[in-house]
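Notes follow in the order I went.

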Amino acid sequence: MQPWLSHPFDDDKLKEECGVFGVIGVADAANFVALGLHALQHRGQEAGGIITHSPQQGFQSAHRFGLVRDNFTSAKLMETLPGAIGLGHVRYSTAGSKGATAIRDVQPFFGEFAMGGAAIAHNGNITNAAAIRRELIDRGSIFQSSSDSECIIHLMARSIQKTIAERLKDALRRVEGAFSIVAMTRTKLIGARDGLGVRPLVLGKLGDGWVLSSETCALDIIGAEFIREIEPGEMVVIDAKGVTSSRPFERAQSRFCIFEHVYFSRPDSILGGRSVYETRRQIGVELAREAPVEADLVCPVPDSGTPAAIGFSQESGIPYAMGIVRNQYMGRTFIEPSEQIRNMGVRLKLNVNRALVKGKRIVLVDDSVVRGTTSLKIKEMILEAGAAEVHFRIASPPTQWPCFYGVDTPERSKLLAANMTEEQMRVYIGVQSLKFISLDGLYRAAGEAKGRNSACPQFCDACFSGDYPIAPSDMIERGFMVKAAE
């Protein structure tokens, strides 16, 4: 069996690994954190955690497997999380679900220091975590989890600085990779981004209080006002006096993750001053210009392909239609996944609108092709429903390289585009045509009119280009071969 076929259909998407959310200066902070995490649920569905602080009861925490709505809507649980400051995290599961994860791996993490306790939640990935972990263990640190994020707590513990914020600066100066951090003490909420700003973090205002969040959509759900993005290389410390900003980390030109625009972020969020929805619609426009086709209907692969399909339809003049319908109530564990159920694959989540597609030439617009297993199943379903032709248009360039900055990506041998040309993929999937948007086209859709600056790319696009802005030290040590310099 080919390596890209050895995994289930729901492992055929790149998965953002987490979302972070914190509030300060509001009554019942935990309720606002729970709402914020609910809005960020797309960034992590395996588990979540909330930590709060009140002067009477000190730090209190709850970590649970499952969705926010199934855990943090319990009045009994939320009553155990009092206080006007709170911090939360949602975590994504790799294929295989929670069997491989212990509850101790679920963030936020907490540490008790000489000057008081502190909690930390991290979105991203530390690329030298293995080396730091070895060093810390050699010096006597005892780790409780398998998470790279726990290194930050241990580095803070070993700092000689006098405040939590300064200790966090010390720790983050030691780590390499991508990090958007939200931390809290008894009286302060802290936010920080790495110097390249790979992962998102935004600042909001809620009455007299403040909010830090992975995305703006989580500000909307609680009625908070979006103030600005935390800038690459910036740290903000928020307390009763307001927001204090500093620049503790060396800043280079921003290399924000372009896949946030393609897939990870919610379409109602704002990134870099741009509507995510509008960028995705514009991707469809660029695709229609780059890869036109004669067809009868443009259909999205729901839901992530929808904005790009709308753009493709508008630009091409081919009518848009819902040729595939998603079952909105499909849960991962609604039934014991027997072999027969597993073989149903994508049919559990998607169904073809037979009356619509029969006899038609269909353009299917999807956000990406990773292993190709989902594309194969959807093509089969469309043809079985009587479609005359199937044409795939993909709203991202070919995914040829793994991400090491906080995204769950298969190893390179399991990425279809790393092993086949575009034409070979077309033949393998068995469609009349298959076209990906170009890297320049993607950049244009994201607001860069001249396309990608190859000498100094405006985004991190390593999963497409193999151009890693931060060396994946741990992976190189384990034998990963980065692309040779051109």
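**Rings.** I started with the aromatic side chains and found W401, F404, Y405, Y468 and F480 linked into a cluster by ring pairs. My ring-pair rule takes Phe, Tyr and Trp (its six-membered ring) with centres within 6.5 Å; planes under 30 degrees apart are stacked, over 60 edge-to-face, and the rest tilted.

Before going on, a note on the source: this is a predicted model, where local features need pLDDT of at least 70, side-chain atom pairs count only at pLDDT 80 or more, and totals for chains, interfaces and linings use all residues. Numbering runs from 1 along each chain as its sequence is written, and side-chain values use heavy atoms, with hydrogens and water left out.

How many aromatic pairs does the structure hold? I got 13. I looked at Y405 with Y468, which is edge-to-face at 6.3 Å centre to centre, with 75° between the planes. Y405 is in the loop between β22 (389-394) and β23 (407-408) and Y468 in the loop between α17 (462-465) and α18 (473-477), so this pair ties together parts 63 residues apart in sequence. Helices here are DSSP runs of H or I with at least four residues, strands are runs of E with at least two, and both are numbered from the N terminus. Y405 and Y468 are both buried, where buried means under 20% relative accessible area, exposed over 50%, and partly exposed in between (1.4 Å probe, protein chains only).

Next I checked Y443 and F459, whose ring centres are 5.3 Å apart with planes at 75°, so I logged the pair as edge-to-face. It links helix α16 (residues 439-445), which holds Y443, to strand β25 (residues 459-460), which holds F459, 16 residues apart. Y443 is buried at a relative accessible area of 0%, and F459 is buried at 8%.

I also looked for charges over rings, meaning NZ of Lys or CZ of Arg within 6 Å of the ring centre and within 35 degrees of the ring normal. R412 lies over the face of W401 at 3.6 Å from the ring centre, and K205 over the face of W210 at 4.7 Å.

**Core.** A nonpolar core is a set of buried Ala, Val, Leu, Ile, Met, Phe, Trp, Tyr and Cys residues joined through side-chain atoms within 4.5 Å. The largest has 45 residues, and F259, F312 and Y405 have the most contacts inside it. Elements that each supply at least two residues include α8 (259-264), α9 (276-290), α10 and β21 (361-366). Which helix gives the most? That is α9, with 4 residues.

**Helix α10.** I counted 8 of its 11 residues as buried, so α10 is largely enclosed by the rest of the structure. The buried ones include T306, I310 and F312, and their cover includes α9, β18 (297-300), β21 and β22. T306 belongs to α10 (residues 306-316) and is buried at 19%. Its side chain reaches the backbone oxygen of D303 at 3.1 Å, a polar contact by my rule (N or O atoms within 3.5 Å; within protein, one able to donate a hydrogen and the other to accept it, with sequence neighbours counted only if both atoms are side-chain atoms). After α10 comes G317, with a positive phi near 80°.

**Strands.** Strand β7 (residues 116-126) has 10 of 11 residues buried, so it too is largely enclosed. Strands pair if DSSP finds at least two bridges between them. β7 pairs antiparallel with β6 (residues 109-113) over 5 bridges, and a hairpin joins β6 to β7 through 2 residues. On β8 (residues 177-184), 8 bridges join the antiparallel β7.

Most residues other than glycine have a negative phi, and most peptide bonds are trans. I found a cis bond between Q107 and P108, omega about 0°, and another between P302 and D303, omega about -5°. D303 sits in the loop between β18 and α10. D28 is not a glycine, yet its phi is positive at about 55°.

How values were computed
Contact = heavy atoms within 4.5 Å.
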